[in-house]
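Please look over the model below with these notes beside it.

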Amino acid sequence: MKSKYDKRLIIYYLILVIIGFLSVFSTSYKQGHFSMQTNYGYQLIWIGTSIILAIIVCVFNNRFFWHIAPWLYVFFVAMLIVVVFFGTERSGAKSWLGIGSFGIQPAEFAKYATCLLLARRLSDMHCDLSKRKYLISICLIIGIPIVLILLQNDTGSALPLLFLVFALFREGLTPWILIIAVAAVLLFILLVYFPKWIVFVLVLLLFSWMMFRLRKRKKYHWRIIVVFAIVTTYIFTVDLVYNQVLKPHQKQRIELLFGKINDTKGIGYNVNQAKIAIGSGGFLGKGFGNGTQTKLNFVPEQVTDFIFCTIGEEGGFVGTAFVIIFEQ
């Protein structure tokens, strides 16, 4: 086993695990009172469990995971379907299954199963993403869990699966996919800031200019017209979805991200408190265990979603820079 694995990568991982545990410990520990029935106690249990599982995984032959990947994928997709109908709602997302006092989030396990099946599919020596059948199968592997997780109103858990698309460019996916995606995002941003008619006029002017520049190459005209029709449909579809389908809190988060609204006591409270906590750390930080914003619960979801605030407040710019650079 010693020769099979990247020792340096394992050491980096363990260092980040230790930093994570110390951050959780700092926010939860009360002087003179150590208890496993606390956030840091549970974190310690999960760390121990994950190390044991990692060792077990290393013992198995790689072919075992190649064979079990489809079964794991089907099982956890089925779990996601069950959650859609029978899940428990927490923090606005219907993404949990309760078993007595214990709850699990199948979306987290589905991420692992999706990566495993995707790796199996891409490892096929005949897999060629320039061929339609392979590209469709890859899109289905990634897309099915994303759709089911979005139905649970858990956008945050769906995004990591969406970023698996970037791994496909290494396997020969055409860069036009990325160009189209970037263009779609830019159009969406414009639609957030400006009315759809203004965006439509800008697009019309752009395509008119393209037609003029290529006036002598008539073979390109029909392509430009088709693309213009697709872009126009996208503009009015996005506007419809944004105003009629998205829930109010989802629209508010988007508008908060792009600076259209500034609600530090409502929808923007979490982000504002996170900025205050990280900014208060200054250059060198307040020192381990001395974070007032984090220890006094000004920052919500401190030990999970906003644990990085602890590093920012107690470690300052130096601590946050170290963690970000180290992760790279």
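1. Buried means under 20% relative accessible area, exposed means over 50%, and partly exposed lies in between (1.4 Å probe, protein chains only). Thr114, with a relative accessible area of 1%, is therefore buried. Its place is in helix H4, residues 106-123; helices are DSSP runs of H or I with at least four residues, numbered from the N terminus.

2. This is a predicted model, where local features need pLDDT of at least 70, side-chain atom pairs count only at pLDDT 80 or more, and totals for chains, interfaces and linings use all residues. Residues are numbered from 1 along each chain as its sequence is written, and side-chain values use heavy atoms, with hydrogens and water left out.

3. Leaving aside residues up to four places away in sequence, Thr114 touches Tyr73, Ile141, Ile142, Pro145, Leu161 and Leu164 (contact: heavy atoms within 4.5 Å).

4. Pro160 sits in helix H6, residues 155-162. Pro160 has 40% relative accessibility, so it counts as partly exposed.

5. Which residues lie nearest the centre of the second largest pocket? They are Ile180, Ala183, Phe207, Val227 and Val231, out of 16 lining residues. Helices H8 (176-193), H9 (196-213) and H10 (221-245) each give two or more residues to this lining. H8 gives the largest share, 7 residues.

Notes. On a 1 Å grid over the protein atoms alone, a cavity is a set of points where a 1.4 Å probe fits but cannot get out, and a pocket is an open set with protein on both sides within 12 Å along at least five of seven lines; lining residues have an atom within 4 Å of a point.
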